[in-house]
Amino acid sequence: MNPISKIPSSEITPEETFLNRRFFMKTAIWAGSAVATGGMYRAFSPRSDVKSTGSEIATVVDSTFQSSLGADEKVNSFGEIAGYNNYYEFSTDKSAVAAKAKDFVTDPWSVEVGGLVGKPRVFGLEDLLKMESEERVYRFRCVEGWSMVIPWVGFPLAKLLSLVEPRSEATHVAFETYYDLKQMPDAGSAGIDLPYVEGLRMDEAMHPLTLLATGLYGKTLPNQNGAPIRLVVPWKYGFKSIKSVVKITLTNREPPTTWSLANPGEYGFYSNVNPKVDHPRWSQAKERRIGEAGSRETLMFNGYEAQVAHLYAGMNFEEDF
Ligand code: MTE
């Protein structure tokens, strides 16, 4: 992956500017469950349908978003989240993705869910948006060494999977991103095999922290962040969080994943955030939080250890990285 580069200050929206007050006024109510999931839940009100590329939406750090974070952490601005992206199908230049993905067609959209399930089903965009149920503020740690804090809108993946009735033989879930060279003309030079694929173990997929995101900051998910629907697995390195999902398949074997296919010595199936296991070419002990000077210590499982460590009891993280 590309070395970390600096975000031009022109792409960072000043946080004082606050254009979307309506949404935040409507949602300033707590809904509990934060302790159970380690994420933050709020009473949910439907997101607005504003399509955005990052520049026209100013941002706010709503004080209730802060509650799931450490005292020294703050939510990243919309401009930061929507202006610094990894989406290789559009560009390998993080600051170019937003412009290149600007015209990506995300409606109509459908997600085919099948494999080892009792009730295979194709979900249309409307079905998926109706499932939006909450907002979650999660730390997001990229394997490259940078991190952000992102207020997602979405619903637990478990909610979708329960509708297709997973069969008992299903041990894993495979995901696939939309792929079309006509809409993604730079994809041929991405340097990875496409379509982008990812996978989770069934228990990881069913974990309440695992989210299908359909928005952020109360807005429609920007194209560059994986519109109209992307996975978010907050205790794993960011590349597990596959964007613009079109296919979900339950299977009885570990599915291939894009980065471990590209470089199996550097990227494993699990990819849990782990400050003690270095990437072969760099340390994972620290991270640079976008928007901050200096660096901060990377937390085991990205700070979600209490919620997820039990999933990996007895595993050797040096081998199963
Ligand atoms: N999904 C697809 N389809 N293509 C990609 O290139 N990049 C991954 C992940 N999902 C990627 C993807 C990586 S490396 C990261 S760090 C995150 O998306 C970045 O998500 P963000 O741009 O919303 O921060």
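Predicted model: local features only at pLDDT ≥ 70, side-chain atom pairs only at ≥ 80, totals over all residues.
Figure 1. Glu165 sits in the loop between helix 6 (157-164) and strand 5 (172-177). Its phi is near 55°, which is positive although Glu165 is a residue other than glycine. Most residues other than glycine have a negative phi.

**Figure 2. Ser244, a buried residue with positive phi.** Ser244 belongs to the loop between strand 9 and strand 10 (245-251). The phi of Ser244 is near 40°, again a positive value in a residue other than glycine. Is Ser244 buried or exposed? Ser244 counts as buried because its relative accessibility is 0%.

**Figure 3. Two cis peptide bonds.** Most peptide bonds are trans. The bond that joins Asp107 and Pro108 is cis, with omega about 5°. Pro108 is placed in the loop between helix 4 (97-100) and strand 1 (110-115). A cis peptide bond also runs from Ala227 to Pro228, and here omega is near 0°. Pro228 is part of the loop between strand 8 (219-220) and strand 9 (230-232).

**Figure 4. The salt bridge between Asp186 and Lys100.** Side chains of opposite charge can pair when their charged atoms come close. In the pair of Asp186 and Lys100, the closest N and O atoms are 2.6 Å apart. Asp186 counts as partly exposed because its relative accessibility is 27%. Lys100 is also partly exposed, because its relative accessibility is 43%. The model as a whole has a count of 17 salt bridges.

**Figure 5. A network of salt bridges around Glu287.** Which residues are linked in this network of salt bridges? They are Glu73, Arg139, Arg141, Glu287 and Arg289. One of the links is the salt bridge of Glu287 with Arg141, in which the closest N and O atoms are 3.2 Å apart. Glu287 lies in strand 11 (residues 286-289) and Arg141 in strand 3 (residues 134-141), so the pair ties together parts that are 146 residues apart in sequence. Glu287 is buried because its relative accessible area is 3%, and Arg141 counts as buried because its relative accessibility is 0%. Glu287 also forms a salt bridge with Arg289, and for this pair the closest N and O atoms are 3.4 Å apart. Arg289 is buried, as is Glu287.

**Figure 6. Asn76 and the backbone of Ile290.** Asn76 is found in the loop between helix 2 and helix 3. Asn76 counts as buried because its relative accessibility is 2%. What lies 2.7 Å from a polar atom of the side chain of Asn76? The backbone oxygen of Ile290 lies at that distance.

**Figure 7. Lys74 and Ile150.** Lys74 is located in the loop between helix 2 (34-37) and helix 3 (78-83). At 41% relative accessibility, Lys74 counts as partly exposed. Lys74 and Ile150 are 76 residues apart along the chain, and their C-alpha atoms are separated by 9.4 Å.

Figure 8. His207 is in the loop between helix 7 (202-206) and strand 7 (211-216). His207 is buried because its relative accessible area is 7%, and buried means under 20%. A polar atom of the His207 side chain lies 3.0 Å from the backbone oxygen of Gln307.

**Figure 9. A negative surface patch.** The patch is formed by Glu254, Asp278, Glu318, Glu319 and Asp320. Where is Glu319 found? Glu319 is in the segment after helix 9 (305-308). Glu319 counts as exposed because its relative accessibility is 60%, and exposed means over 50%.

Methods
Residues numbered from 1 in each chain as written. Heavy atoms only, no water. Patch = residues over 30% accessible without salt bridge, like charges linked within 9 Å, V, L, I, M, F, W, Y side chains within 5 Å. Areas by Shrake-Rupley, 256 points an atom, 1.4 Å probe, with all protein chains shown as cover. Salt bridge = Lys/Arg side-chain N within 4 Å of Asp/Glu carboxyl O. Lys, Arg positive; Asp, Glu negative; His and termini not counted. Charge placed at Lys NZ, Arg CZ, Asp CG, Glu CD. Helix = DSSP H or I, 4+ residues; strand = E, 2+ residues; numbered from the N terminus. Buried < 20%, exposed > 50% of the residue type's maximum accessible area, 1.4 Å probe, protein only. Polar contact = N/O pair within 3.5 Å; in protein donor to acceptor, adjacent residues only side chain to side chain.
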